[in-house]
Amino acid sequence: MKVMSEVRKGLNSGISMKCEMCNFQEIIWTEDPHNEKMPVNTAAVSGIMKIGGGFANLEEFLSTLDIPPLSSKTYKKEHNTIATAWENVAEREMYSAAMEEKQLAVQAGEIGPDGFPTLTVVVDGCWVKRSYRNNYSSLSGAAAIVGFRTKKVIYMGVRNRYCMVCSRAAAANEQAGRHCCSKNWHGSSSSMEANIIQEGFMNSVAMYGIKYTKIIGDGDSNVYKTILD
């Protein structure tokens with residue numbers, strides 16, 4: 001058998017082999033196409049995402065190992081697939097946690113006059129940039145609503161003030177092309193937490209058939225006032 005050429009699909013390589021006696025040719029892949037485990041490209045992108053890295057980090061890591069890196073197109077495709085899967089799993093897990101919390105509230109007799117189970121929840125937020133109470137300028141923030149009894153997340157949200165594609169287009173005085181825009185917030189960084197928790201409170205009946213009537217938080221008056229309003 002003689003090696004004729006190589007076909008690369010990210011980290012998966014196909015070696016084209018040819019028999020010098022009968023001229024039979026076959027492509028042998030470094031990864032079994034019938035393997036039910038996570039594909040190597042998906043595993044590589046998933047791993048770098050889990051440690052907070054991105055395309056450049058994965059490229060540098062593979063280059064250090066003398067392994068040809070994934071193309072940016074392949075990375076983006078795998079990244080979008082993984083992100084969508086993570087989001088779907090998170091939604092299912094939060095729904096399951098809410099139903100568990102709901103059942104415990106019913107068993108405890110905590111049902112409001114309108115027939116909806118009433119829950120005590122813990123709320124808090126976080127930002128990607130520390131403020132130290134003097135510089136609330138983080139471009140992203142997140143907040144979560146956690147069931148008091150189960151200690152499980154039943155609602156979460158993320159607010160972003162920045163999109164790289166939109167920012168680059170604006171700098172070049174151009175119209176941004178079609179893309180999945182990550183920017184979903186135009187207000188201040190300090191109001192991200194309150195907005196996410198408010199959203200969770202307003203959608204509790206539609207999403208889970210429950211109401212949050214008692215909250216445990218860190219004393220943020222802005223969050224409490226927003227909920228009351």
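A residue is called buried when its relative accessible area is under 20%, exposed when it is over 50%, and partly exposed in between, using a 1.4 Å probe and protein chains only. The structure is a predicted model, in which local features need pLDDT of at least 70, side-chain atom pairs count only at pLDDT 80 or more, and totals for chains, interfaces and linings use all residues. Residues are numbered from 1 along each chain as its sequence is written, and side-chain values use heavy atoms, with hydrogens and water left out.

Aromatic rings make a friendly place to start. A pair of rings is described by the distance of the centres and the angle of the planes. Rings of Phe, Tyr and Trp (its six-membered ring) pair if their centres lie within 6.5 Å; planes under 30 degrees apart are stacked, over 60 edge-to-face, and the rest tilted. The count by this rule is 3 aromatic pairs. One of them joins Phe 55 and Tyr 75, which are edge-to-face because their centres are 5.5 Å apart and their planes meet at 65 degrees. Phe 55 belongs to helix α2 (residues 55-64) and Tyr 75 to helix α3 (residues 72-107), 20 residues apart in the chain. Helices (H or I, at least four residues) and strands (E, at least two) are DSSP runs, numbered from the N terminus. Phe 55 is partly exposed, at 26% relative accessibility, whereas Tyr 75 is buried, at 8%.

Phe 201 and Tyr 212 are also edge-to-face, with centres 5.0 Å apart and planes at 75 degrees. This pair links helix α5 (residues 192-202) to strand β7 (residues 211-216). Phe 201 is buried at 16% relative accessibility, and Tyr 212 is buried at 8%.
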